[in-house]
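Please examine the sequence and the structure shown here. The briefing that follows treats strand pairing and helix packing in turn.

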Amino acid sequence: MSIAELLEGKRVVICAGAGGVGKTTTAAAIALGMAARGSKVAVVTIDPARRLASALGLGELDNQPRLIDPARLAPLELEGELWAMMLDPKRTFDELIDAVAPSAQRAQEIKGNRIYRQLSTAVAGSQEFTAIAKLHELTSTGEYDLVVLDTPPSRNALDFLDAPARLESFLEGGALKAFLRPTGMGMRVLALSTAPVLAALRRVTGIDLVADLSTFFTLLGTMTESFDRRARQVDRLLHSPTSGFLVISSPQPRPTEEAIWFRGTLVQGGLPFTGAVVNRVHPAVEPGPPAPLPPALGAKVAQAAHEYAALVARDATSIERLQRALEGAPLLLVPELSGDVHDLSGLLQIREQLFR
Amino acid sequence: MPVPLLQRRLIFVTGKGGVGKSTVAEALALRAARSGLRTVIADLNADGHAHELEHEANLFRISVDPQHAMEEYLSLKVGGAAGQLLGHSRLFSAFAMATPGMRELLSLGKIWELAQTDRRTPQASPYDLTIVDAPASGHGAALLRTPRTFAEIARVGPIARQAAAIAQTLSDRDFTAIVGVAIPEELAVGETLELHEALQRERLELDAVILNCCHPDRFEPPEVETLTALDGGPYTSVRLALGADQRARMEREQAARLERRFGERLQRLPYLFEPELDDAALGRLAAELRL
């Protein structure tokens, strides 16, 4: 089966899976293949290792999709367009604040808050949140036929899927409401420092932190409705039949278990699971006649062939395990390519395998 | 001369996703435990046991959960009415968990506690060595940076003091080691070099880099010539051997990139062709480590 059939009618494709299984490369190869078939495609990677950038020959990807020069992709001809970007969480956060803040001044206040600066840069998890924000931005304009999204390793995948709901429950939950008493801001900070729980909190955290936090939450609170609306839109988008989740894996026990877990999580969450892609599969090789070699070299060659056979057998075990767990859902196998797949020729080869 | 790895009290193991961080952390822990060190291996997946469990003689395991770490911290460190109040407050819990960086700080706080000779958990025996199966490079570096940024944000109060103490411990190379794991492939090596730079910006160092999954490099150049002459014929084993040699050559180049940067700090572990990574296989890796 070609991946093009799987992605028929999809506007959003999300590639998920364990670290090191080739998610980013797969996402880029899918985008490349769909662009070749005539779609206007944007691929978003949130991988900090800047892999896609190097594969596409872009030294630095900025936070907006950039059109890839089709001449770079020769001999492949594009009937559509390929746009690529690497997510910059900090800038995406800033853009989001600019978009939802009621005024430019309010946006400046938020961006100047120390807690905000911490939140938008250093914190693990900001990738997940901003990826969703970016996905929302790119899909809401309708500018692209297809948006392909790479994701962080799957241990964070739950965070990623939960991001809209988590934000919503956070905004609606007690933590924020406590800061949003129907009084002036000065009163709020005062109320904050006198409430018994928060007085205890101040003792534990240090007062500066509390003051910064209260300002942060107060500022954020003025944007609750806007955030809330976005969160709902994203949630609808992720559940839509025009979205598809691909689970990417490689044929080893650990990534296989993670792929199975991930697929289960998607199905349980009512999200549109589209299929699985297993990269770097060692194809079986028919044994040939013994080569006419001196005994020492012959033994080394036999050892190499024996090791290869062990890999073929091990891959087969993992693939069978995944296939059983998929209960008939599509499974695509991409063979191990010779050499290291980190350049454009590698990307083109993978595209060829996926779109056969 | 830096202190040998096993004479430190805390080792963070990090690296690109899929390079075998957990395997290397396990191998290190096994080696330490078998050499008689009371060892605990801590992961941050929050999907295992939040209490320390003995896996085999001298080898313990804990899955650090920030929520659990916070409750423990509050009852032991804050104590009294305030600790009780906060421990039972859903508001506080939601607030703390929503505070940027707080989960990481709480997890590190628990790890720091595990590594102390004088542990604050009542009746807890000290460990000789705490090994952290840390998140992948990007998140791993962010994790190690957390205490410093927190100390700067909070500035005063117990959290600032605690964060500063943890930051101090992490940069003390007699106490803490950071081990990077890579495989001999372009992207993993690149990420290791980036990790090295990110850590140096925080004034931290990679004490060892373990190049995992090194394939056998067994053919001499004249042998490759002999094989190349036979390639394209019916001998599939020759084709596979040449493929293996091509891989070995590529790995040599990647290893050289790390060797240039890390010199003596670089060491290799072999690729294992076993169908499963069982205890025996892990034992083999543990024995290969140069410590």
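B:Ile41 stands opposite B:Arg61 in strand 4 of chain B. This is a predicted model, in which local features need pLDDT of at least 70, side-chain atom pairs count only at pLDDT 80 or more, and totals for chains, interfaces and linings use all residues. Residues are numbered from 1 along each chain as its sequence is written, chains are lettered from A and ligands numbered from 1 in the order in which they are written, and side-chain values use heavy atoms, without hydrogens and water.

**Strand 4 of chain B**

- Strand 2 (residues 39–43) of chain B pairs with strand 4 of chain B in the parallel sense over five bridges; pairing requires at least two DSSP bridges between the strands.
- Strand 3 (residues 53–56) of chain B runs antiparallel to strand 4 of chain B, and three bridges join them.
- B:Glu56 has B:Leu59 in strand 4 of chain B as its bridge partner.
- Two residues lie between the strands in the hairpin of strand 3 and strand 4 of chain B, where B:Asn58 takes a positive phi near 70°.
- Strand 4 (residues 59–63) of chain B is largely enclosed by the rest of the structure, because four of its five residues are buried (under 20% relative accessible area, 1.4 Å probe, protein chains only).

**Helices 4 and 5 of chain A**

- Helix 4 (residues 89–100) and helix 5 (residues 104–112) of chain A pack at an angle of about 150°, with their axes 8 Å apart.
- These two helices of chain A are therefore roughly antiparallel to each other (an angle over 145 degrees).
- A:Asp94, A:Ile97 and A:Asp98 in helix 4 meet A:Ala107, A:Ile110 and A:Lys111 in helix 5, contact being heavy atoms within 4.5 Å.

How values were computed
Axes are lines fitted to C-alpha atoms, for helices over the stretch in contact, and angles run from 0 to 180 degrees between N-to-C directions. Angles under 35 degrees count as roughly parallel, over 145 as roughly antiparallel, 65 to 115 as roughly perpendicular and the rest as oblique. Buried means under 20% relative accessible area, exposed over 50%, partly exposed in between (1.4 Å probe, protein chains only).
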